[in-house]
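Here are some notes for a first reading of this structure. Please keep the model open while going through the points.

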Amino acid sequence: MHAHSRRAVLGAGIAAAGSGLLAGCTSSSPGRPTSGAAGPGLSDGMDDNGMDTAGERADATTGAAPQYVSPHGPEVAARERGRGPGPVRKFLLTATATTLDLGTRKVKSWAYEDQVPGQEIRVTAGDTIALRLANNLPQPTTLHWHGIRLRNDMDGVPGITQRAIPTGATFDYRLTALYPGTYWIHPHSGVQLDRGLYAPLIVEDPKEPLAYDKEWVVVLDDWLDGVKGSTPDAVLEELGGGMGGHGMDGAMDGLDLGPGGGMRGAAPVSPRSKPGPKASPSPSAPPSGPSRRLVGATSRLLGGDPGHIAYPYYLVNGRTPQSPQVFRAKRGDRLRIRIINAGGDTAFRVALGGHRMTVTHTDGYPVVPVTTDALLLGMGERYDVLVTVKDGVFPLAVLAEGKTRSAMAVLRTRGNAATRFPRPKELDGKLVTAGRLRAADEVRLTPREPDRTIRMRLTGSMEKWNWAINGKPYEPSQRYPVRAGERVRLTFINGTPMWHPVHLHGHTFALPDGGPRKDTTILLPHQKVSVDLDADNPGLWMVHCHNVYHSESGMMTILGYQK
């Protein structure tokens with residue numbers, strides 16, 4: 001659909017509507033223009049709705065020009081009808097430039113409804129979401145429903161599934177949330193994700209098999225927007241010249257990281273006396289802020305460089321660790337924690353001091369339960385865990401993996417909510433990553449040989465800043481063909497010295513050997529992984545690195561369903 005002319009309990013914001021929420025909005029069919037001019041970024045082959053007409057597009061594997069299903073085509077509409085109509089849940093969301101309170105400082109940024117994260121959207125599996133997004137930003141924007149297996153024309157990719165929503169315009173998103181799980185929303189326009197534009201999306205299971213007393217939604221982020229003039233766009237411009245800065249010492253964040261800045265196997269270093277990874281105000285720094293380049297950092301867990309950016313802050317539910325969110329529970333409560341990594345360039349290691357966690361889901365899908373001390377989340381990944389609350393005050397410790405900085409929230413049953421804690425031993429205990437999990441029986445793919453195998457080699461380097469897939473930076477005309485009904489094997493090969501969180505839109509895939517169902521997976525340097533998916537959702541679907549600075553620089557492509 002088409003253009004009109006980014007945390008547990010989060011404060012008021014997005015309005016879940018009852019019967020008259022949209023009564024004051026201009027009446028229109030879903031996705032039709034109500035105000036403003038046509039969005040930018042359109043090219044030949046786009047129809048008057050801003051959709052790719054999927055006519056003659058070059059096949060990225062053969063160079064041929066088969067016909068592809070359009071995001072606005074009858075195949076997409078038929079697939080949505082097959083999901084069945086459910087109760088309609090209406091929402092109104094406004095993207096706006098605003099001032100945000102991070103706890104220890106205020107920053108000017110962009111957000112949904114003047115808060116970060118945006119107020120969660122919560123529905124029940126089978127519901128139809130009808131959300132009107134009003135764009136009050138100074139740039140065009142869109143909304144992507146990360147992890148949701150939705151209809152293609154609602155996927156929020158400008159120039160492919162819709163026109164970008166111009167400033168002053170609105171867009172009606174309408175989709176069926178068929179599968180329960182932990183998801184989130186964010187823009188798919190430029191590097192807007194690395195501002196405050198994100199919010200959790202929780203799809204409840206009407207037949208919830210888990211038993212728990214309380215639920216805590218936890219959104220993790222790395223933050224630079226509005227700090228000393230920094231913006232994500234300026235950082236992207238700086239990084240585009242290649243890596244190689246100098247820098248500022250890492251600071252303490254309310255959590256004692258201990259020797260090595262929290263890196264397992266690292267040589268002992270005192271963060272108070274030795275500099276960590278640096279980002280310097282070099283002479284080449286962009287005029288809109290100091291250099292944010294990260295150098296001298298490493299992570300054994302991530303196979304080397306942990307990222308490119310030395311963020312000044314890391315947040316849990318929009319709060320700095322000096323002024324953390326406090327979640328209250330009772331001793332003995334069974335607590336479900338839904339954890340979302342909404343960061344732009346940072347993997348997070350997460351542990352709850354004094355507790356072990358039982359992993360129940362990843363990326364919305366159930367797994368065979370595994371008990372662990374800590375988790376590692378790449379950008380875009382989600383994990384659900386259960387804990388039995390002990391009596392006292394405990395840090396939810398969030399380590400910016402390899403960057404010697406941390407974030408924090410607090411779980412308490414009594415007493416004052418402390419803001420200084422020793423480093424929890426759980427951060428260095430048993431750690432679970434997706435490769436150690438197994439899909440629950442009810443969501444495993446039926447064993448089957450692939451009908452088609454597609455190889456995608458991630459290419460590029462920090463020095464040249466030439467991120468791409470199979471050596472070709474993203475172009476909207478790229479297509480890797482699949483057909484409805486096929487079992488497709490995607491083989492991701494990391495030919496770079498960096499790790500990448502690889503994300504597929506509109507589908508889930510299965511990791512090898514009975515591994516979990518996911519839509520985002522960590523791929524370490526010079527490693528490969530083959531994942532299987534069922535091609536059951538026609539349209540044009542993005543595959544990309546979820547480091548927003550990589551994807552925006554070219555590490556994206558498109559799976560296209562052939563007619």
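1. Tyrosine 179 is partly exposed, because its relative accessible area is 26%, between the 20% limit for buried and the 50% limit for exposed. The model is a predicted one.

2. Which residue forms an aromatic pair with tyrosine 179? The partner is tyrosine 365, and the pair is tilted, with 6.4 Å from centre to centre and 35 degrees between the planes. The two belong to distant parts of the chain, 186 residues apart: tyrosine 179 is in the loop between β7 (170–176) and β8 (181–186), and tyrosine 365 is in strand β16 (residues 365–372). Tyrosine 365 counts as buried, at 6% relative accessibility.

3. The ring of tyrosine 179 also has a charge over it: the charged end of arginine 149 sits 4.2 Å from the ring centre. A further case is arginine 195, which lies over the face of tryptophan 110 at 3.8 Å from the centre of the ring.

4. Seven aromatic pairs are found when the whole structure is searched. Among them is the pair of tryptophan 465 and tryptophan 467, which is edge-to-face, at 5.5 Å centre to centre and with 80 degrees between the planes. Elsewhere, Trp145, Phe171 and Tyr173 are linked into a cluster by ring pairs.

5. Helix α1 (residues 74–83) has Val76, Glu80 and Arg83 as buried residues. Viewed down the axis of α1, the buried residues fall within an arc of 50 degrees, so they line one face of the helix. The exposed residues Pro74, Arg81 and Gly82 are on the face of α1 turned away from the buried side. The cover over the buried residues of α1 includes β7. Just after α1 comes glycine 84, with a positive phi of about 85 degrees.

6. The loop between β3 (106–112) and β4 (121–124) holds proline 117. The peptide bond leading from valine 116 to proline 117 is cis, with omega near -10 degrees. Glutamate 113 is also in the loop between β3 and β4, and its phi is positive, near 60 degrees, in a residue other than glycine. For context, most peptide bonds are trans, and most residues other than glycine have a negative phi.

7. Where is aspartate 513 found? Its place is the loop between β27 (509–510) and β28 (517–518). Aspartate 513 has a positive phi of about 60 degrees, although it is not a glycine. Aspartate 513 is exposed, because its relative accessible area of 72% is over 50%.

Methods: Residues numbered from 1 in each chain as written. Predicted model: local features only at pLDDT ≥ 70, side-chain atom pairs only at ≥ 80, totals over all residues. Heavy atoms only, no water. Phe/Tyr/Trp six-rings, centres within 6.5 Å; stacked < 30°, edge-to-face > 60°. Helix = DSSP H or I, 4+ residues; strand = E, 2+ residues; numbered from the N terminus. Buried < 20%, exposed > 50% of the residue type's maximum accessible area, 1.4 Å probe, protein only. Lys NZ or Arg CZ within 6 Å of the ring centre and 35° of its normal. Arc of directions from axis to C-beta. Contact = heavy atoms within 4.5 Å.
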